[in-house]
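Okay, everyone, thanks for coming. Let me put the structure up and we'll walk through it together.

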There are 2 protein chains.
Amino acid sequence: MIQNITCIGAGNVGTHLSKKFYQSGYNIVEVYSRSEEKAAAVAKNTTARAVTNLHHLTEDTDMYIIAVSDQAIESVLNQIPQSGKLIVHTSGSTPITIFQDKVTDYGVLYPLQTFSKERPLDFSTIPFFIEANSRENEQKLRQVIQSLSEYIYHVNSEQRLALHVAAVFACNFTNHMYALAKDVLAQQSIPQEVLGPLIQETADKVREMDPLQAQTGPAVRNDQITMEKHLSYLESDAFKKKLYNFVSQHIQNRHYSK
Amino acid sequence: MIQNITCIGAGNVGTHLSKKFYQSGYNIVEVYSRSEEKAAAVAKNTTARAVTNLHHLTEDTDMYIIAVSDQAIESVLNQIPQSGKLIVHTSGSTPITIFQDKVTDYGVLYPLQTFSKERPLDFSTIPFFIEANSRENEQKLRQVIQSLSEYIYHVNSEQRLALHVAAVFACNFTNHMYALAKDVLAQQSIPQEVLGPLIQETADKVREMDPLQAQTGPAVRNDQITMEKHLSYLESDAFKKKLYNFVSQHIQNRHYSK
């Protein structure tokens, strides 16, 4: 059974996971980051040792969680102790095959959420997607995550990649739409909070309704007159105008070409 | 003081407003729709008379609310009784000048929300944006809306148009992103509910954080390798691929060109 965890990476995901595992009773042995400051920040909250050199990591742990940028995973794998301990990464877009021929016991633990260091999160609702090289390691992973969330799904690497792509649409692109909306209001000195209930209801709606049914607005109504008014309002902002045009057409294609 | 309300239009907005005003103690005198069925549906919930001919509307009311499509507002104005009663429309993109030289007492009542007939809404949080031809009519409008929501703002027609444009970004385009995300999951037989907490957190986040700060994902990190993986995953879906490319570049332009 896993009791001791080493966290490699002190970015948004590493920070949140370390802290949550610590709070759930696990021993965070060491936290690695190239940045001494970042490692120290996580170590402080988890009574872990801060480490800035991968070769100095102790083998005295039960699991290594690699929560670094996708490009850095392979280099981490080449440097950490080959101790036969379970090694997992947290990347949506990196297939499990990255471990092959490098380590013996491995897996993936992908939490579908947007992590910002400064924002506390309710882990109990976060879905975790896991994959492992053996039934035994899958069980180990499942057991560890169970103390964080009851939503644990087994997926293969292709499905996980799909989840990551979906997350880009549902989170990253959505946040960009919020940013553009707030720009528009700022230009008119309208307080941005007025968008709150609309953003909330749009999010609530899609949890209960098919988004095709939930779609409202001029594009789906093919209300050319309103779209023209909006485009002419955006006339001096070619940047937003282009996106308005593009996404409106995308909506219309999706709704009318079927 | 306004006690009797006539609602012209039985679409999403007309339906919700009539019902809410009725529940708040107002008398809904008549509900007009070209469609007998739609008029009857709203009338049933508000003990109003259903009317399908604008010329038959009674003058015995205190306020007409025009909640029809933008293109139909002018035609409605030309047909309803010229009784000197307060006439308002609910359109984000139609300037108040549409009333000029047609009626004497007028205004606009624009609720910033996405309305679907079948979804109940908490009106108490909805911001209402009002405009009127006189201080007196503005006061009247304010008084009526106060029984629905405490969030009442006075804006001019240009600001209201900006609000509508912002709503397209924050709601209509956002919902389209949800739709695309759900498509991607459906293709992999992954239950769509797993996106719920991510969608929720993304919406929550932006109510407290600047969306520029809240932006996460491969585009803002300029993580070309992950974006390439996503684009190659979407290879067979040129439609989504194009949007993925376009919005990613839009995010990068916004974050790196300043």
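So, how many residue pairs are in polar contact between chain A and chain B? The count is 43, with both residues at pLDDT 80 or more. By polar contact I mean a pair of N or O atoms within 3.5 Å; within protein, one must be able to donate a hydrogen and the other to accept it, and residues adjacent in sequence count only if both atoms are side-chain atoms.

Which parts of chain A face the partner, then? Helix 5 (157–187), helix 6 (196–208), helix 7 (211–214), helix 9 (224–233) and helix 10 (238–256) of chain A each supply at least two residues of the side that touches chain B. Helix 5 gives the most, with 27 residues. By type, that side of chain A splits into 46 nonpolar, 25 polar and 16 charged residues. Here Ala, Val, Leu, Ile, Met, Phe, Trp, Tyr, Cys and Pro count as nonpolar, Asp, Glu, Lys and Arg as charged, and the others, Gly among them, as polar.

Some housekeeping before I go on. This is a predicted model, where local features need pLDDT of at least 70 and side-chain atom pairs count only at pLDDT 80 or more, while totals for chains, interfaces and linings use all residues. Residues are numbered from 1 along each chain as its sequence is written, chains are lettered from A and ligands numbered from 1 in the order in which they are written, and side-chain values use heavy atoms, with hydrogens and water left out.

Back to the interface. There, 87 residues of chain A are in contact with 87 residues of chain B, contact meaning heavy atoms within 4.5 Å. The buried area is about 8900 Å², and carbon and sulfur atoms give 67% of that; this is the accessible area (1.4 Å probe) that two parts lose on being put together, summed over both. We also get six salt bridges between the chains, each a side-chain nitrogen of Lys or Arg within 4 Å of a carboxyl oxygen of Asp or Glu. Glu201(A) and Arg119(B) meet in a salt bridge, at 2.7 Å from N to O.

Now chain A by itself. It has 10 helices and eight strands, which are DSSP runs numbered from the N terminus (helices H or I, at least four residues; strands E, at least two). Of its 258 residues, 60% are buried. Buried is under 20% relative accessible area, exposed over 50%, partly exposed in between (1.4 Å probe, protein chains only).

Look at strand 5 of chain A, residues 86–89. Both of its faces are covered: Leu86(A) and Val88(A) on one side, Ile87(A) and His89(A) on the other, all buried. Strand 4 (residues 63–66) runs parallel to strand 5, joined by four bridges; strands pair if DSSP finds at least two bridges between them. Ile87(A) is the bridge partner of Tyr64(A).

Ile66(A) sits in strand 4, and counts as buried because its relative accessibility is 1%. Beyond its neighbours within four places in sequence, its contacts include Ile8(A), Leu77(A) and Val88(A).

Over in helix 4 (residues 135–146) there's Asn137(A), also at 1% relative accessibility, so it counts as buried. Among the residues it contacts is Leu86(A).

Last one: is Asp101(A) buried or exposed? Exposed, because its relative accessible area is 82%. Asp101(A) has a positive phi of about 65° without being a glycine, and Asp101(B) has a positive phi of about 65° too.
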